[in-house]
Amino acid sequence: AQSVTQLDSQVPVFEEAPVELRCNYSSSVSVYLFWYVQYPNQGLQLLLKYLSGSTLVKGINGFEAEFNKSQTSFHLRKPSVHISDTAEYFCAVMELTGGGNKLTFGTGTQLKVEL
Amino acid sequence: NAGVMQNPRHLVRRRGQEARLRCSPMKGHSHVYWYRQLPEEGLKFMVYLQKENIIDESGMPKERFSAEFPKEGPSILRIQQVVRGDSAAYFCASSPEGPQFFGPGTRLTVL
């Protein structure tokens, strides 16, 4: 069974500074990878996804992530954060087993952007 | 194209009552997923449905929980005889294939 690890539960960062949110996964089969953002009391919004092809994927709001198969990682980055990026970020994997497309989520990283 | 819709957004029940959570997928999406988010935790998969079929219910508690996605109408997640431990946010997601699009969630509080 697959699992997702987000090592950092909270990441404080100053506005306009770069940020990296870490995500590692384990799976015995091929996977799709996703990052979602959750603002307070709202649902999850898809930031970006890796399905195949280029390992560097760009998403909305200036975020990008790089798939590293050898390190089984999919870290999320943004070169310059804004106050409005304060939210919870979830990494998720989908195993390509043909038996359904359920997502397995990490426990989330709370990004807090400060002035 | 409206997004995934869930209602109610907030639901309060007393212990022993039934909770019914509704999810209308995005237009054209035939796959529906339910997830539960306990306080300060990530989302946990509960069940995956297609029209009139339960495809994967490996994340559903064995008792009191059931889900359906009828030919017409929304998908329903039903929790019978709720207990305090059922208090959580319940999210529905839909997809045609691949990425899933999430609704705003139903926050269930059991008193």
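This is a predicted model: local features need pLDDT of at least 70, side-chain atom pairs count only at pLDDT 80 or more; totals for chains, interfaces and linings use all residues.
A:Thr109 touches A:Gln6, A:Asp8, A:Ser9, A:Val11, A:Leu21, A:Ala87, A:Glu88 and A:Tyr89, leaving aside residues up to four places away in sequence. A:Thr109 sits in strand β12 of chain A, which covers residues 109-114. Its relative accessible area is 1%. Buried means under 20% relative accessible area, so A:Thr109 counts as buried. The side chain of A:Thr109 also makes a polar contact of 3.2 Å with the side chain of A:Gln6.

Chain A contains 12 strands and 0 helices. Read from the N terminus on, the elements of chain A run β-β-β-β-β-β-β-β-β-β-β-β. Taken along the principal axes, the C-alpha atoms of chain A fill a box of roughly 45 × 30 × 20 Å. Of the 115 residues in chain A, 44% are buried. Contacts can also be sorted by how far apart the partners lie along the chain. Among the contacts in chain A with a separation of 6 or more, 57% are between residues 24 or more positions apart.

Two loop residues of chain A deserve a look for their backbone angles. Most residues other than glycine have a negative phi. A:Asn61 is not a glycine, yet it has a positive phi of about 60 degrees. A:Asn61 belongs to the loop between β7 (56-58) and β8 (64-68) of chain A. With a relative accessible area of 39%, A:Asn61 is partly exposed. A:Thr72 is not a glycine either, and its phi is positive at about 45 degrees. A:Thr72 is in the loop between β8 and β9 (73-78) of chain A. The relative accessible area of A:Thr72 is 28%, so this residue is partly exposed.

Chain B has 11 strands and 0 helices, and from the N terminus on its elements run β-β-β-β-β-β-β-β-β-β-β. A compact globule of 111 residues would have a radius of gyration near 13 Å; chain B has 13 Å, so its value agrees with that of such a globule. The C-alpha atoms of chain B fill a box of roughly 35 × 25 × 25 Å along the principal axes. Buried residues account for 46% of the 111 residues in chain B. Of the contacts in chain B between residues at least 6 apart in sequence, 51% join residues at least 24 apart.

Two places in the loops of chain B can be picked out. Most peptide bonds are trans. The bond from B:Asn7 to B:Pro8 is cis, with omega near -5 degrees. B:Pro8 lies in the loop between β1 (5-7) and β2 (10-13) of chain B. The other place is B:Glu63, in the loop between β6 (53-56) and β7 (65-68) of chain B. B:Glu63 has a relative accessible area of 61%, so it counts as exposed. B:Glu63 and B:Gln81 are 18 residues apart along the chain, and their C-alpha atoms are separated by 9.9 Å.

Finally, the two chains meet. At the interface, 19 residues of chain A are in contact with 21 residues of chain B. Between them the chains bury about 1,500 Å², and 57% of this area is on carbon and sulfur atoms. The count of residue pairs in polar contact between chain A and chain B is 4, with both residues at pLDDT 80 or more. The rule finds 1 salt bridge across the interface. B:Asp56 forms a salt bridge with A:Lys102, and their closest N and O atoms are 3.5 Å apart. On the side of chain A that touches chain B, β5 (31-38), β6 (44-50) and β10 (87-95) each supply at least two residues. Sorted by class, that side of chain A has 8 nonpolar, 9 polar and 2 charged residues.

Note on methods:
Residues are numbered from 1 along each chain as its sequence is written. Chains are lettered from A and ligands numbered from 1 in the order in which they are written. Side-chain values use heavy atoms; hydrogens and water are left out. Contact means heavy atoms within 4.5 Å. Buried area is the accessible area (1.4 Å probe) that two parts lose on being put together, summed over both. A salt bridge is a side-chain nitrogen of Lys or Arg within 4 Å of a carboxyl oxygen of Asp or Glu. A polar contact is a pair of N or O atoms within 3.5 Å; within protein, one must be able to donate a hydrogen and the other to accept it, and residues adjacent in sequence count only if both atoms are side-chain atoms. Helices (H or I, at least four residues) and strands (E, at least two) are DSSP runs, numbered from the N terminus. Ala, Val, Leu, Ile, Met, Phe, Trp, Tyr, Cys and Pro count as nonpolar, Asp, Glu, Lys and Arg as charged, and the others, Gly among them, as polar. Buried means under 20% relative accessible area, exposed over 50%, partly exposed in between (1.4 Å probe, protein chains only). The radius of gyration is taken over C-alpha atoms; the globule rule is 2.2 Å times the number of residues to the power 0.38.
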